[in-house]
Amino acid sequence: QVQLVESGGGSVQAGESLRLSCVASGRISNGNVMGWYRQAPGKQRELVAVSTSGGSTNYADSVKGRFSISRENAKNTVYLQMNSLKPEDTAVYYCNFRYYNWSPGSDSWGQGTQVTVSS
């Protein structure tokens, strides 16, 4: 099982920036996807951005042009640079790790980090 530790959340004003980090540990092989999801109060968890070990990325439409995901494979670390934050970005952000051939329940989640954006 892969363990994930997130850091970098906090409270900011609208328009400001934050960078989240997530470090994975355990037995890790190539062919994986690391990414970020978020869950706002009363809403379902949703994808924010993901990055594959092969270099592909995918973003939610709501964050395109404002957020950027990157990773350092040698450090098993993924980052989420969040610029031009909006109040609607307020949520708990979760790091996720899975392999390409994942099945439900086989992925790993971090403990979550709170991001609060005030207007």
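Biologist: Which residue is the bridge partner of F97 in strand 10?
Modeller: S108 is the partner of F97 there. Keep in mind that this is a predicted model.

Biologist: What makes strand 9 and strand 10 count as paired?
Modeller: Pairing takes at least two bridges between the strands.

Biologist: Is F97 buried or exposed, and how do you know?
Modeller: Its relative accessible area is 2%. Buried means under 20%, so F97 is buried.

Biologist: And why is Y99 called partly exposed?
Modeller: Y99 has 25% relative accessibility. Partly exposed runs between the 20% limit for buried and the 50% limit for exposed, so Y99 belongs in that class.

Biologist: What kind of aromatic pair do F97 and Y99 form, stacked or edge-to-face?
Modeller: Their ring centres are 5.1 Å apart and the planes stand at 90 degrees. Centres within 6.5 Å make a pair, and planes over 60 degrees apart make it edge-to-face, so this pair is edge-to-face.

Biologist: How many aromatic pairs turn up in the whole structure?
Modeller: The search finds three. One of them is Y94 with W109: the centres are 6.5 Å apart, within the 6.5 Å limit, and the planes are at 85 degrees, so this pair is edge-to-face too.

Biologist: What makes you say that the Y94 and W109 pair links distant parts of the chain?
Modeller: Y94 is in strand 9 (residues 91–99) and W109 is in strand 10 (residues 108–109), 15 residues apart.

Biologist: Which residues make up the aromatic cluster with Y94?
Modeller: Y37, Y94 and W109 form one cluster.

Biologist: How do you know that R45 lies over the face of Y94?
Modeller: The distance to the ring centre is 3.8 Å. The limit is 6 Å, along with an angle limit of 35 degrees from the ring normal. R45 also lies over the face of W109, at 4.5 Å from the ring centre.

Biologist: Which other strands pair with strand 9?
Modeller: Strand 4 (residues 32–39) pairs with strand 9 in the antiparallel sense over eight bridges, and R38 stands opposite Y93. Three bridges join strand 9 to strand 11 (residues 113–118), also antiparallel; there, V92 has Q114 as its bridge partner.

Biologist: What makes strand 9 mostly covered?
Modeller: Seven of its nine residues are buried.

How values were computed:
Residues are numbered from 1 along each chain as its sequence is written. This is a predicted model: local features need pLDDT of at least 70, side-chain atom pairs count only at pLDDT 80 or more; totals for chains, interfaces and linings use all residues. Side-chain values use heavy atoms; hydrogens and water are left out. Rings of Phe, Tyr and Trp (its six-membered ring) pair if their centres lie within 6.5 Å; planes under 30 degrees apart count as stacked, over 60 as edge-to-face and the rest as tilted. Helices (H or I, at least four residues) and strands (E, at least two) are DSSP runs, numbered from the N terminus. Buried means under 20% relative accessible area, exposed over 50%, partly exposed in between (1.4 Å probe, protein chains only).
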